[in-house]
Protein chains: 2
Amino acid sequence: MSDAIERALDQITFDANGLVPAIAQQHDTGEVLMVAWMNRDSVRISLEEGRACYWSRSRQALWRKGESSGQVQALKELRLDCDGDTVLLLVDQTGVACHTGRRNCFFRAWRGGGWVEIAEPLVTPEKLYKEPQA
Amino acid sequence: MSDAIERALDQITFDANGLVPAIAQQHDTGEVLMVAWMNRDSVRISLEEGRACYWSRSRQALWRKGESSGQVQALKELRLDCDGDTVLLLVDQTGVACHTGRRNCFFRAWRGGGWVEIAEPLVTPEKLYKEPQA
């Protein structure tokens, strides 16, 4: 399996920083949950472990989604786009995807000449993160 | 309106190249159609014209989606994520989003240890682009 994964990784065109944008979409509802970044290791880990693992650009570290919040994304399917430089993760999101406590990160909509918040937090960040985030 | 759009643009965090990733999603079905990039001008034009306009990194030019193929994306709503560095366009896609003639760009799925094409072209690229692409 690992040889197959290595071959799969070779089909992905990582950018100059070794990254690709990764969209997480709730597999059954189609809700776009968040966008993060993946490097080669994080794609491999996601396929091997069956859960979304990203690369945190701010922390410069692998980031298994939910490792500190419990809000894990089970990976249902990984898809690759025509240019091979963007991946789409169909996931089953436990709880909320956004660090603000909202279900998804795209809670600001341009309506009537301004940004309007269209979703409320379902949980407070304090409850999500029992320990301070690194 | 243009003042409001300028203020909206100030809420977006463009990267070192002046770009943000932009996801186009079919507004009614939730299908993720494609990912492209937008600069400040392309966001402004999209809001002003009510259709998706991207920044082509390969051509280093504004790219009104559908300008050569006719496959226009009417903009139904623009959304911004929590960090302000990714935008989501809810669109109504005319025809197909992918330059390969497929409805969306994410037609390769990781299944059974390899990439599998899960969608066929609905139209040939030759029919899509009557003139050679710049």
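**Reading a two-chain predicted model, feature by feature**

Analyst: B:Gln73 has its place in strand 5 (residues 73-80) of chain B, where strands are DSSP runs of E with at least two residues, helices are runs of H or I with at least four, and both are numbered from the N terminus. This is a predicted model, in which local features need pLDDT of at least 70, side-chain atom pairs count only at pLDDT 80 or more, and totals for chains, interfaces and linings use all residues. Residues are numbered from 1 along each chain as its sequence is written, chains are lettered from A and ligands numbered from 1 in the order in which they are written, and side-chain values use heavy atoms, with hydrogens and water left out.

User: Is B:Gln73 buried or exposed, and which residues is B:Gln73 in contact with, leaving aside its neighbours within four places in sequence?

Analyst: Burial is read from relative accessible area (under 20% is buried, over 50% exposed, partly exposed in between, with a 1.4 Å probe and protein chains only). B:Gln73 has a relative accessible area of 0% and is therefore buried. Contact means heavy atoms within 4.5 Å, and beyond its neighbours within four places in sequence B:Gln73 touches a list of residues that includes B:Ala24, B:Met34, B:Arg51, B:Tyr54, B:Lys65 and B:Val91.

User: Where in chain A is A:Tyr54 found, and is A:Tyr54 buried or exposed?

Analyst: A:Tyr54 belongs to strand 3 (residues 53-56) of chain A, and with 0% relative accessibility A:Tyr54 is classed as buried. The C-alpha atoms of A:Tyr54 and A:Pro21 are 9.6 Å apart, although 33 residues separate the two along the chain.

User: How many helices and strands does chain A have, and what pattern do they follow along the sequence?

Analyst: Chain A has three helices and eight strands, which in sequence order run α-β-β-α-β-β-β-β-β-β-α. Its radius of gyration is 15 Å, close to the 14 Å of the globule rule for 134 residues, so chain A is as compact as a globular protein of that length; the radius is taken over C-alpha atoms, and the rule is 2.2 Å times the number of residues to the power 0.38. Of the 134 residues in chain A, 54% are buried, and the C-alpha trace spans about 45 × 35 × 30 Å along its principal axes.

User: What rotation superposes chain B on chain A?

Analyst: Copies are superposed by least squares on the C-alpha atoms of residues with pLDDT of at least 70 in both. Here chain B is brought onto chain A by a rotation of 180° with 0.0 Å of shift along its axis, at an RMSD of 0.0 Å, which is the relation of a two-fold axis. In chain B the C-alpha nearest the axis belongs to B:Gly30, at 2.4 Å from it, and the same surface serves both copies, since 100% of the contact residues of chain B recur in chain A.

User: Where is B:His99 found, and which residues is B:His99 in contact with?

Analyst: B:His99 sits in the loop between strand 6 (87-93) and strand 7 (108-111) of chain B, and is partly exposed, with a relative accessible area of 35%. Leaving aside its neighbours within four places in sequence, B:His99 is in contact with A:Cys82 and A:Asp83 as well as B:Pro125, B:Leu128 and B:Tyr129.

User: Which value does phi of A:Gln60 take?

Analyst: Phi of A:Gln60 is near 50°, a positive value in a residue other than glycine. A:Gln60 lies in the loop between strand 3 and strand 4 (61-64) of chain A, and counts as exposed at 53% relative accessibility.
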